[in-house]
Structure formats: C-alpha cells, structure tokens
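I opened this notebook to keep a record of what I looked up, one topic at a time. The structure comes before my entries.

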Amino acid sequence: MAEKLQTPNNNPKRPRRPPEIPTASVKLDEREKALQSLLPQVLVDFEFETVLAVDEVIISIKPQDLPAICKVVKDDDDLNLGYLRCISVVDYIEYLEAVYHLFSLKKRHKLVIKVQLPTESPHLPSVVSIWRGADWFEREGHDLFGVVFDGHPNLVPLVLYEGFNGNPGLKSFPFHDYKEW
Amino acid sequence: MRIQKNPTDETNSLDLMVNMGPQHPSTHGVFRVVLWIDGERIVKSEPHIGYLHRGSEKLCEDELYSQVITLFDRLDYVSNLNCELAFCMATEKLMDLQIPDRAEYIRVILCELNRIANHMLFYGAYGLDVGAMTPVLYGFRERERIQSLFESVTGARMMHNYIRIGGVKEDLPDNFERRIATLTEQLKRGIEECDDLLSNNEMFLARTKGIGIINGEDALDFGMTGPSLRASGILEDVRISEPYSIYERFNFGIPVGTAGDCYDRYYVRVEEMRQSLSIIEQAVQQMEKGPILANVRRITRPPKGEVYIRTESPRGDFGVYLVSDGSDKPYRVKVRAPSFANLQTLQHLLRDAYVADSVVILGSIDIVLGEVDR
C-alpha cells in the first residue's frame, strides 16, 4: 500500500534515497552516570557490553551469566538493585531479546540487562530463585514468545489457555488472517 | 483446565479442592483461584488468569501511535487516564518533546481525580467484600461526581481518549473552575463521611486487622508496588522517587502503613484520596492560561530507540516499555501492569488463611483484570 502512494521517480539520474531514521538522543542524569562508572568494578568477572538509551544504562550479557550477574547486582551494596520491575521479550526477527529492568529503591538508579537469544529454541536460565516476582513475567514470556526459562518451577501457560498453538507475541504469528473459531 | 499435582506439593489427599471463580462477583472480574482446604484453613492456592487476555500488546504493534491511546484506555478500565498518560509520556520521552505547562496541569488534575475515583470504587467494593452493603452506595456517589466532571471535560465517562501525544485533546470547559471548586468541597466531605462510616467499624476491624500480613521485604521480592507495598511500611512512590510530569511542584504526603495487613492496605488508600485532593487544589491554584498541545505532527514518528517509563497509577508502578523503529507504529509495547505483579503475592497471602478471609485478602490487593491479562 505504501509503495503505491509514493510519487513516481521521474529522474533516473538521482535515485530516491530511503528516508533517514533519526535515533533518540541520550541524556543521562547524575545517578546513571555514577552507576555507569561503577559497573566495570562490580562486574569484573563477567563479559558485558554497555549501551546507552535515552536515560538508561543498558548492559548486554551472555545468557549463561544471567543468574550470576543478577545476584551480584542485587547483593552489591553500591548497586543495590533489589527491585525487578519488569521482564520483557522483544522479537527482532533475526533474534529474540529478553530485557530486565532493574531499579534500586535506596540509590534510585536504574539498570537494564539485555540478553540475546536465538529464534530457534530460545533457552534462558530462570531468575525466580533471585526474585520471586519474576515468576509470572517468565511464564508470560514463555506463553507469548516461546522462551524456555530453565529452572522455572512451574512453566505452564498463564495468559493463554492450555493447548493453544503458537506464540502470538512473535512477529511471525499471523495478525489478520487468524481465526480462532 | 487440568490441575497438575506435583509430588513435592504441600497438599495431601485429605485436602478439599475448591474452585473459586472465574464467574464469581468477589473476584473483581474474571479471575479464578483453586484453593486446597484443610478444614477451615487454606493449605495452598493456585491463581489462574488470562480469561480477559486480548493481546493488547500485540494489537499496539498494528496501530498508529495516536490510535494506541485508545487501547491503553482499556487496560486498567477504572483509572483510564493514568494509563493514557503513561503511554503518551513514553512517546514524548522518546521524541524529547516539551509539553506546555497548562497541559501538564490538566493531566495532573484529571489523573489525581481518577485516582480518587479509583479508590472510591475500591472503598465501595471492599465494603462489599467484607459484607457491608452501605459503603458501596457512598463510594459510588462520590465516584459519580468525578465521572460527570470527566464527561464535561473529555466527553466520556470512562474510555476518555483525552490525553494526546504532546498535550491534551482540548482545553477545559469554561465553567471548569467553578465546578472543580464545588467538586473538591463535596469530595472533602464525602471522603470524611466514607472514612467515618467504615474505618472504625468494629466488625470491619475484626475482619481486616491482622489478616493477610505481608512484610516489606517479601512484598518487594514479589514486585508489589503502590498502596499495597506502602501498607507494608516501605515508602516507594514514583511521584516521589522519580518525579514525572510536574509532581515536584506540589507539596503532598505519602501515607505509609506499618502492619502490612488488609486494614493498612485499605486505610493507606483512604488517606491517599485526601493527599490527591490536596494536589488537585494546589494544581488548580497554580494553573495558568496557555497552549494545551505542543507542536507535533498528526502522524507521530518517534526516533529509533527504546524507552521505559514508569508512572504511579492508583494500583502502583505502571510501566511502559516502548521500542520504536522510526516508523509510525510502535515496534513493541510491553506493559508492566501493577495488578499483574501485585496479584502474584496472593499465593503467599492466602497460605494458612481462613477460607472466609480469602475474599477479604483478594479484595485488599485491589486488582483490575483488564490490566492483569492485557
């Protein structure tokens, strides 16, 4: 539909360039800057990559390191990220990404942990033993995106009914030509 | 649906399995819990949600940014404006947009009114949960007043679709100042009346004091937020810890409980209504004339990136995780619903409680299933 509405390119010498997509600007405040400088000292045993987005510090880690890193950032006195706000899974078609949003009530800073997963049979260690609140978020991620959280005590369907076929959160799940009854 | 019993279960074969819901008036929507009962005590409980799952997050991916707001109305259908606000703020943060002052004030006034309306509904329904018929009439009387003001401002009593990316839909009606002055007076009296009616009632105290206790550490571990967390003695309010919009301009208190029982969870909400009223009064005083919508294009195209925003909805920490790929539709929207996380504590709260208290405990968490199931 979008292609049909575009005006034809009458000048073959100047090919039409795709529109440039701007990226959101980054503005960190003091607390997040302090957190960013702390991270290399605390996570000295782990491999991680730091990215910044809008007002957050994001670290990308390996799937197998996830429970260990979560434990470290939760128990460390300087980080004190004791409150797991949210676990989201995002489907980027080539890969899946699990996103953990953490917050510290004492220090009032926030950290995002990201884990990349393969689209085929995504497996990730569960963090229920660290935060009991992760329980339903992981079950939902399993329902909608098919991510298997290893070590979860009860990974049965939560928002979908039992026997539902497919993972409706994925981009590959049909949007319009899907009939339930 | 089949219930699987695993061998490490704390239940034994003599326990009675009782099903509660999903069509049960005191589950506040379509929510089902399976209870294992030993005499009068609950040994174990297993909540089942998802009866209202509409795939809101997936639907957002197929709508323009301005259309998504209507979907957010339908998440927490008791405090719609707070949900709208969260999504609009997420988009605005991604676009790095400055909102006109008047629009911010209108948003705050309406959201705080919505908080009062929400707590009034809780007040009435909670009265019913413990077996008192009268509070619901008083609670709904006050809520009705707020809703008729909403109708005059937004054009709808519920599903408002009023907050827009960059401001609000239209300016307040001419008689708004007079109406809000009468409304705050009425609400002030109404809240006192409601408080008098139920809070010191001997039977109400007997039903709620010392029931469903959760301590602060456990509550945080479960991801509990909002009034339910504050009742356990932890001061955490997004309006204070990470002030959004213009909340740092107001002077207000955050009620915090001590016991973490059903009564504290109830009374924190009653007290919160008074604080919201004081915010509204301050906002009405400070508000000045001006534009109500920033200069934004009709079809919003936020830059590529991702943002997580958190707001204090009446139920707790309402978070929106928004991923944009630079097109006119969001790439992924994830809603962190406060009721969803709060409801996880139910299993913990119901353990070793009496069957008769199960409804009282469930009511005190104050869930809305539209938000839990999304």
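Before my first entry I noted how the geometry is taken: axes are lines fitted to C-alpha atoms, for helices over the stretch in contact, and angles run from 0 to 180 degrees between N-to-C directions. I also wrote down that this is a predicted model.

**Entry: two helices of chain B**

I looked up how helix H2 (residues 65–73) of chain B packs with helix H3 (residues 80–95) of chain B, and found an angle of about 150° with the axes 8 Å apart. Angles over 145 degrees count as roughly antiparallel, and therefore H2(B) is roughly antiparallel to H3(B). I noted as well that the crossing of H2(B) and H3(B) is right-handed.

Which residues make the contact? From H2(B) I listed B:Tyr65, B:Val68, B:Ile69, B:Phe72 and B:Asp73, and from H3(B) I listed B:Asn80, B:Cys83, B:Glu84, B:Phe87, B:Cys88 and B:Thr91. Sorted by class, this contact of H2(B) with H3(B) holds seven nonpolar, two polar and two charged residues.

**Entry: where the chains touch**

I then turned to the two chains, and found 32 residues of chain A in contact with 36 residues of chain B. On the side of chain A that touches chain B, the elements giving two or more residues are strand S3 (83–91), strand S4 (95–103) and helix H4 (134–145) of chain A. The largest share of that side, six residues, comes from S3(A). By class, I recorded 19 nonpolar, seven polar and six charged residues on the side of chain A that touches chain B.

**Entry: a strand of chain B**

Is strand S6 (residues 305–313) of chain B largely enclosed or exposed? Nine of its nine residues are buried, so S6(B) is largely enclosed by the rest of the structure. In a regular strand the side chains alternate between the two faces of the sheet, and I therefore checked each face separately. One side of S6(B) has B:Gly305, B:Val307, B:Ile309, B:Thr311 and B:Ser313, the other has B:Glu306, B:Tyr308, B:Arg310 and B:Glu312, and all of these are buried.

I followed S6(B) to its partner, strand S7 (residues 316–324) of chain B, with which S6(B) pairs in the antiparallel sense over nine bridges. A hairpin joins the two strands, S6(B) and S7(B), through two residues, and B:Thr311 stands opposite B:Phe318 in S7(B).

**Entry: one leucine**

Last, I looked up B:Leu59, which lies in helix H1 (residues 56–60) of chain B. B:Leu59 has 16 other C-beta atoms within 10 Å and is partly exposed. I also compared positions: B:Leu59 and B:Arg301 are 242 residues apart in sequence and 18 Å apart in space, C-alpha to C-alpha.

Key
Residues numbered from 1 in each chain as written. Chains lettered and ligands numbered in written order. Predicted model: local features only at pLDDT ≥ 70, side-chain atom pairs only at ≥ 80, totals over all residues. Helix = DSSP H or I, 4+ residues; strand = E, 2+ residues; numbered from the N terminus. Parallel < 35°, antiparallel > 145°, perpendicular 65-115°, else oblique. Left-handed = near helix turned anticlockwise from the far one by under 90°. Contact = placed C-beta atoms within 7 Å. Nonpolar A, V, L, I, M, F, W, Y, C, P; charged D, E, K, R; others polar. Buried ≥ 20, exposed ≤ 12 C-beta atoms within 10 Å, placed from the backbone. Pairing = 2+ DSSP bridges.
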